[in-house]
Amino acid sequence: MSSRLRTLTDRYRQLADRLRQGGGPEKIKKQHDQGKLTARERVQLLLDAGSPWLELGLLVAWDKYDGQAPAAGVITGLGVVSGHDVVIVANDATVKAGSWWPETIGKILRAQEVAMRQRIPIIYLVDSAGVNLPYQEGVFPGQYGAARIFYYNSIMRRFLKVPQIAAVMGPCVAGGAYLPALSDVIFMVEGTSFMGLGAPNLVRGAIGQRVDAEELGGAVTHTEISGVAHYRAPNDGECIEAIRKYLARLPVRFSPAAPGLAPVPPRGDPASLYDLLPDDHRMAYDMRKVLECILDGSEIQEFQPHIGGELICGHGAIAGYPVAVIANQRGLIKDPKAVRPKAGGIIYTESAEKAAYFIENASREGVPLLFVQDVSGFMVGPEAEHSGIIRAGARFVEAMATATVPKIVLTVNHASGAGYYAMAGQGFDPDFIFSWPTGRMGVMEGDSAVQAVFGDRADDPAVAEQVEKMRADYEKHLDATYAAARGFVDAILVPEETRDILAFVLRVTSRFRGPHLGPFVLPLGGPDGH
């Protein structure tokens, strides 16, 4: 049986499977012929067997560069290694020799931000030819260019005490060498790894000296002569095992909170979600049915359920971890104080006030926030303006922005207008932001944009071609895979895995009990945190 969610999920899965092939079979064979594992093989070997793995940014840049930059040439994600929740960054040498595209920088920075926010170790598996030179202007300069990676390296080392482990498992050249150099420890692999500010060709051009790569910056050179690296291994497999042993001996600095409540499976079947969301994204459905497939026991204790019914606020749990849920309800909402019913998916003054109070309480109580987005924006018109919608919306936004508990976002349908902002949009640094394949992220829908631009002329045959082009452009730009390609979401989730992923990130975000505010918050009192 076909449905919009099922069709888009199938399309997403096919795309994701293709991207996980990296540069393709020939490039994978070339990596093996060099005696090296691929980046994905290294990651799988590194992870604890049977443990969760959340890949971040798989779709980044998939629709750019004529398809030549799958995953922007770097694998980033959240996993478990030797019992530690960790962030992993692995250059994919099957994609343009692991060189850095502009989007590669953004993915690495996002991975570092996750490590800094959660105060968990980060592991770099380095195998990169350096900057992709034809695109250097998007890599090298700027506040969020490659230098930002080294800034984050330094912040983690000096202030946050976040363990950083680097394994040079192939080339690591020029400025890229500062990434391992600013890590706590460096592993290298005999015969296949190289680390240097200049490769042999550059050295010959710069100073006229001929030297081979091994002598210039190989594993033996850096572990016996320069002392830049600390450990070396004969091959990739033993290098990965050495990293696992290193992690195993590290003390656990921040233990995750206990679930708090006894985990109870939801009564709702995730497979039912495929038929719950309507084929027409504008039509109504019951958000409570979505929550029944995610929350423990399918239970939510609603806060002020008879006020501002277009916004569900309530307490529940996922795998035993308490959460404060803010979710948009679709359909027509009866309001005994109003002449007309309210339109669901839109935030009114009353629901904005309710949400602000609810969020502030959750932050005081230390309960993580889960925003389930299907929002078309704030209400407009004389009645809304006269009720003080701007001030109420500002209170909603401020409460969300300044809440110091973990914030997790799941977009199931619309994420539009200032409603997207209030529901913890990306600009407000949520800890994690996910979307289903049905997510639609933009200022407004295509029909609304047509009306805003063309007004009464929208039905004029003279502008029909322009109108249709605008609608088509909006359909493309509102697609979840378009947002994921630009890093607007961390990952696209499918319904069956949503609860497990949310449970995993709730556990990870429970480790650090300090403020979850911004990419990182420095401890008070200086580098020692006192």
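The legends below describe close-up views of a predicted model.

**View 1. Helix H13 covers residues 349–365.**
At 1.5 Å a residue, the 17 residues of helix H13 should span 24 Å, and the C-alpha atoms at its ends lie 25 Å apart, so the two values agree. An α-helix has 3.6 residues a turn, so residues three or four places apart point the same way. The buried residues of H13 are Thr349, Ser351, Ala352, Lys354, Ala355, Ala356, Phe358, Ile359, Ala362 and Ser363. Tyrosine 357 of this helix has a relative accessibility of 48% and therefore counts as partly exposed. Just after H13 comes glycine 366, with a positive phi of about 80°.

**View 2. Tyrosine 65 and tyrosine 135 form an aromatic pair.**
A pair of aromatic rings is described by the distance of the centres and the angle of the planes. In the model, 16 aromatic pairs are counted. For tyrosine 65 and tyrosine 135, the ring centres are 4.8 Å apart and the planes stand at 75°; planes over 60 degrees apart count as edge-to-face, so this pair is edge-to-face. Tyrosine 65 lies in the loop between strand E1 (53–56) and strand E2 (74–81), while tyrosine 135 lies in the loop between strand E4 (122–128) and helix H5 (147–160), so the pair links parts of the chain 70 residues apart. Tyrosine 65 is buried, at 17% relative accessibility, whereas tyrosine 135 is partly exposed, at 32%. Ring pairs join Tyr65, Trp101 and Tyr135 in a cluster.

**View 3. Phenylalanine 303 and tyrosine 357 form a stacked pair.**
The ring centres of phenylalanine 303 and tyrosine 357 are 6.2 Å apart, with 10° between the planes. Phenylalanine 303 is in the loop between strand E9 (301–302) and strand E10 (311–318), and tyrosine 357 is in helix H13, 54 residues apart.

**View 4. Two charged side chains sit over tyrosine rings.**
The charged end of lysine 342 is placed over the ring of tyrosine 348, 5.1 Å from the ring centre. Arginine 486 has its charged end over the ring of tyrosine 482, 3.6 Å from the ring centre.

**View 5. Serine 82 and serine 298 have positive phi values.**
Serine 82 is not a glycine, yet its phi is positive, at about 50°. This residue is in the loop between E2 and strand E3 (84–91). Serine 298 has a phi near 55° and belongs to the loop between helix H12 (287–292) and E9. With a relative accessible area of 9%, serine 298 is buried.

**View 6. The largest pocket holds about 580 Å³ of space.**
Its lining has 26 residues, and those nearest the centre are Gly106, Arg110, Gln426, Arg486 and Gly487. Helix H4 (residues 102–118) gives the largest share of the lining, eight residues. By class, the lining has 12 nonpolar, six polar and eight charged residues.

**View 7. Two cavities of 30 Å³ or more are found in the whole structure.**
The largest cavity has about 110 Å³ of space. It is lined by 14 residues, and Asn91, Trp100, Val126, Ser128 and Leu179 are the closest to its centre. E4 gives the most to this lining, with four residues. The lining of the largest cavity has 10 nonpolar, four polar and no charged residues. The second largest cavity has a volume of about 30 Å³. Ile318, Val323, Leu369, Leu370, Ile408, Leu502 and Leu506 line the second largest cavity, and by class these are seven nonpolar, no polar and no charged.

Conventions: Residues are numbered from 1 along each chain as its sequence is written. Side-chain values use heavy atoms; hydrogens and water are left out. Helices (H or I, at least four residues) and strands (E, at least two) are DSSP runs, numbered from the N terminus. The expected span of a helix is 1.5 Å times one less than its number of residues. Buried means under 20% relative accessible area, exposed over 50%, partly exposed in between (1.4 Å probe, protein chains only). Rings of Phe, Tyr and Trp (its six-membered ring) pair if their centres lie within 6.5 Å; planes under 30 degrees apart count as stacked, over 60 as edge-to-face and the rest as tilted. A charge sits over a ring if NZ of Lys or CZ of Arg is within 6 Å of the ring centre and within 35 degrees of the ring normal. On a 1 Å grid over the protein atoms alone, a cavity is a set of points where a 1.4 Å probe fits but cannot get out, and a pocket is an open set with protein on both sides within 12 Å along at least five of seven lines; lining residues have an atom within 4 Å of a point. Grid points are joined across faces, edges and corners, and a volume is the space filled by probe spheres set on the points. Ala, Val, Leu, Ile, Met, Phe, Trp, Tyr, Cys and Pro count as nonpolar, Asp, Glu, Lys and Arg as charged, and the others, Gly among them, as polar.
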